[in-house]
Amino acid sequence: MILAEHLHKRYASVHAVNDVTLEARPGEIFGLLGPNGAGKSTTIRMINNIIAPDSGTISYSGRPFSDQIRTRIGYLPEERGLYQKARILETIVYFAMLHGLSERDARTRAAGWLRRFDLAGSERRRVEELSKGNQQKIQIVIALIHDPEYVILDEPASGLDPVNQEILREIVEGLRSDGKTILYSTHQMELAERICNRIALINRGRLVLGGTVDQVRDEHGANSVLVEFQGDGSFLRSLPMVTAADIDSNYAELTLLPGASLNDLLPHLADRIQVSKIERVRPSLKSIFIETVARRGDGSREDLTSSMEARS
Amino acid sequence: MNRNRIWSIARWEYFQKVRSKGFIISLVLTPLIVVASSVLPMLLADQGPDATLTVGVIDHASVGFLALRDKIAGTERLPDGEPTYLLANYMANGESPDSAAARADRDVLSEKIEGVVVITDSAGVPRATYRSANPSNFRVISSFEKALSSLVVERRLAEAGIDTALYNRISADVDITPVKLSKRGEETTAGFIGTFFSAYAGCFLLMFLVLTTGQSLVRSLVEEKSNRIMELLVGSCTPQELMWGKLIGLSGLGFTQLVVWVVLGLGALIAFAMPPGMEASLMGIYAALPLMMIYIVLGYIFYAAVFIGVGALVTNEQEAQVATSVLVMLLAVPIFFAMGVVQYPDATYVRVLSYIPLFTPSLMMMRAVTKMPAPWEIASTMVLMVAATSFVVWAAGRIFRTAILLYGKRPGFGEIVRWLRAG
């Protein structure tokens with residue numbers, strides 16, 4: 001279990017992390033969500049002991065950070081790179097040895113991981129010969145090869161193709177079944193909704209939402225509407241009873257004002273778009289995210305939606 | 001700090017660099033450049049002309065063309081026995097002095113002759129000018145100076161009625177052989193050139209060791225920052241471990257270079273007979289060797305730590321270039337003093353400069369081969385050097401710890417001072 005309590009970190013003029021408390025439990029995937037610059041990576045770096053919090057405490061299964069704990073953390077940073085001139089196997093073995101594996105053990109395990117990621121046979125190739133996606137697989141191997149108890153993944157899927165995203169998801173879910181504690185930071189709300197047990201949403205350094213995915217969706221479930229349609233749905237956002245909207249080309253998730261009903265909405269739709277389906281739903285994490293962040297006045301809703309779509 | 005991790009890092013740094021093309025090239029190229037730039041000019045300057053040169057003579061002072069020709073022919077010979085100079089008399093056919101001079105100048109310019117010696121009379125004393133396209137050839141000038149002086153002396157002896165043989169018996173050339181005394185009572189003859197060379201050797205060695213490894217260190221730090229490898233590294237080890245690993249790996253690299261260069265150097269000296277003076281200078285180095293080794297090691301660690309501190313602050317390739325070249329210039333400063341140090345190793349300014357840690361190793365090495373400094377000076381500079389090195393390693397650690405995670409923005413001086421103060 002990773003328990004971080006009341007973390008604070010200030011840089012010159014920014015309160016980057018403001019009283020963040022979170023608890024990632026063994027056998028769970030804990031989703032750390034938030035827009036760009038919200039303080040996710042700073043929080044993760046504090047949990048990793050790379051930077052020290054100004055105040056607050058972090059414990060690992062009840063104990064403070066120590067050199068022993070360090071070897072039991074597997075970390076995939078968001079800003080990540082490898083030695084371009086070095087060979088693939090020796091790079092993996094180097095980082096594995098830094099995490100306390102013996103050289104022989106590291107070699108055996110590396111072979112298994114490379115097979116799993118379809119990179120067997122490239123042990124002697126140089127890192128620079130690999131595509132960006134394949135380099136990222138090597139980084140994932142480096143984060144996991146020492147069988148860490150605490151797995152911290154910062155945007156692990158960005159840059160991977162769908163096939164490898166699927167492999168990654170299987171691996172992460174496998175780690176969960178093995179009872180590991182997994183902290184998973186991401187912008188991909190659909191993925192978070194699918195795999196995370198519990199989530200925390202950080203915005204402008206503050207924790208704004210938290211709990212199990214079901215709890216969060218139930219709490220915000222009062223007034224969400226799913227509309228499937230044909231035509232230009234961009235006007236939906238500006239309807240008077242709509243407080244937040246996530247609009248795709250033929251799909252929209254709308255959050256209505258408290259008390260507003262489907263009947264209030266229908267007349268506005270009929271003459272502008274061809275509606276094929278409309279239903280009341282529990283909101284998706286993505287729309288909760290947009291609504292919550294927008295309500296807190298972090299830029300316009302459009303900015304947020306587009307920045308999220310660009311990332312996911 | 002975890003020793004296994006430091007060892008892993010040191011091994012990684014060492015093998016990644018030792019196998020890089022840049023390192024292998026510099027390993028071989030550097031000694032070649034050093035030899036080419038320091039030894040070759042010396043050897044080439046010692047070399048006389050390799051073919052007979054024709055030199056014109058215009059004699060206004062009645063020194064006598066034939067006498068001069070015989071004198072030159074008697075003393076100057078090429079290694080194969082051919083005469084070094086062929087003299088051409090431009091006054092032979094009763095030409096006017098002006099037209100002879102003009103003809104000689106034309107011949108010089110059309111490269112028929114190497115130059116022309118014009119001898120004039122200045123109140124009974126002959127004076128000569130040497131006109132040539134290349135008047136800086138001091139070999140030709142000194143040959144003619146010697147011959148002319150000797151002719152003038154002979155003429156004056158004859159005028160004074162003194163027998164030349166008697167004069168030769170009376171006059172004496174005294175050569176002084178330098179003998180170096182040291183406390184241990186050994187005597188080694190070392191000429192100026194030899195001492196100068198050996199004083200240089202230590203400084204050059206240190207400079208090139210620091211230069212090559214320092215550069216590769218800074219470059220790898222820039223790579224780790226710009227490729228964002230740093231984030232992965234500091235997730236796996238502490239900054240202190242990373243710094244010590246790099247320092248140790250780097251020292252291994254320096255040691256490899258040292259061994260290879262010394263072996264190459266000794267091999268070359270054995271393969272090609274030692275040039276004159278070299279043997280004596282080597283003796284000078286042997287005597288001071290233990291001391292030089294200590295200063296090289298201290299100086300190397302000192303500078304390596306400086307490079308680590310500076311390298312951690314650098315964020316791109318251009319800054320790295322500027323930073324390394326400034327540091328290298330600092331290293332080269334003592335070499336400018338070499339000439340002075342070899343002549344007056346006890347001069348006050350030399351002793352004072354010896355206490356500036358940047359210069360201590362180089363200056364003390366030069367002094368050790370020239371004239372062993374007093375024990376208290378050796379002891380005090382070493383204590384100072386150990387203290388300075390410890391301080392620089394400590395400061396580099398402080399800077400390293402914070403700076404390696406800064407991307408893009410270079411910190412100001414005030415900020416760096418704050419890091420040093422922070423606990």
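**Exercise 1.** Determine whether B:Glu111 is buried or exposed in this predicted model.

*Solution.* The relative accessible area of B:Glu111 is 71%. The class exposed requires a value over 50%, so B:Glu111 is exposed. As for its place, B:Glu111 lies in the loop between α4 (97–109) and β3 (115–122) of chain B. Its phi is near 60°, a positive value in a residue other than glycine. Most residues other than glycine have a negative phi.

**Exercise 2.** Locate B:Arg228, and assign its accessibility class.

*Solution.* B:Arg228 belongs to the loop between α7 and α8 of chain B. Its relative accessibility is 22%. Buried would require under 20% and exposed over 50%; therefore B:Arg228 counts as partly exposed. The phi of B:Arg228, a residue other than glycine, is positive and near 60°. Its side chain forms a salt bridge with that of A:Glu79, at 3.0 Å from N to O.

**Exercise 3.** Describe the interface of chain B and chain A by its area, its residues and its polar pairs.

*Solution.* Begin with the area: the two chains bury about 2400 Å² between them, with 56% of it on carbon and sulfur atoms. Of the area that chain B buries against chain A, 30% comes from B:Trp12, B:Glu231 and B:Leu232, more than from any other three residues. On the side of chain B that touches chain A, eight residues are nonpolar, seven polar and nine charged.

Notes
Residues are numbered from 1 along each chain as its sequence is written. Chains are lettered from A and ligands numbered from 1 in the order in which they are written. This is a predicted model: local features need pLDDT of at least 70, side-chain atom pairs count only at pLDDT 80 or more; totals for chains, interfaces and linings use all residues. Side-chain values use heavy atoms; hydrogens and water are left out. Contact means heavy atoms within 4.5 Å. Buried area is the accessible area (1.4 Å probe) that two parts lose on being put together, summed over both. A salt bridge is a side-chain nitrogen of Lys or Arg within 4 Å of a carboxyl oxygen of Asp or Glu. A polar contact is a pair of N or O atoms within 3.5 Å; within protein, one must be able to donate a hydrogen and the other to accept it, and residues adjacent in sequence count only if both atoms are side-chain atoms. Ala, Val, Leu, Ile, Met, Phe, Trp, Tyr, Cys and Pro count as nonpolar, Asp, Glu, Lys and Arg as charged, and the others, Gly among them, as polar. Helices (H or I, at least four residues) and strands (E, at least two) are DSSP runs, numbered from the N terminus. Buried means under 20% relative accessible area, exposed over 50%, partly exposed in between (1.4 Å probe, protein chains only).
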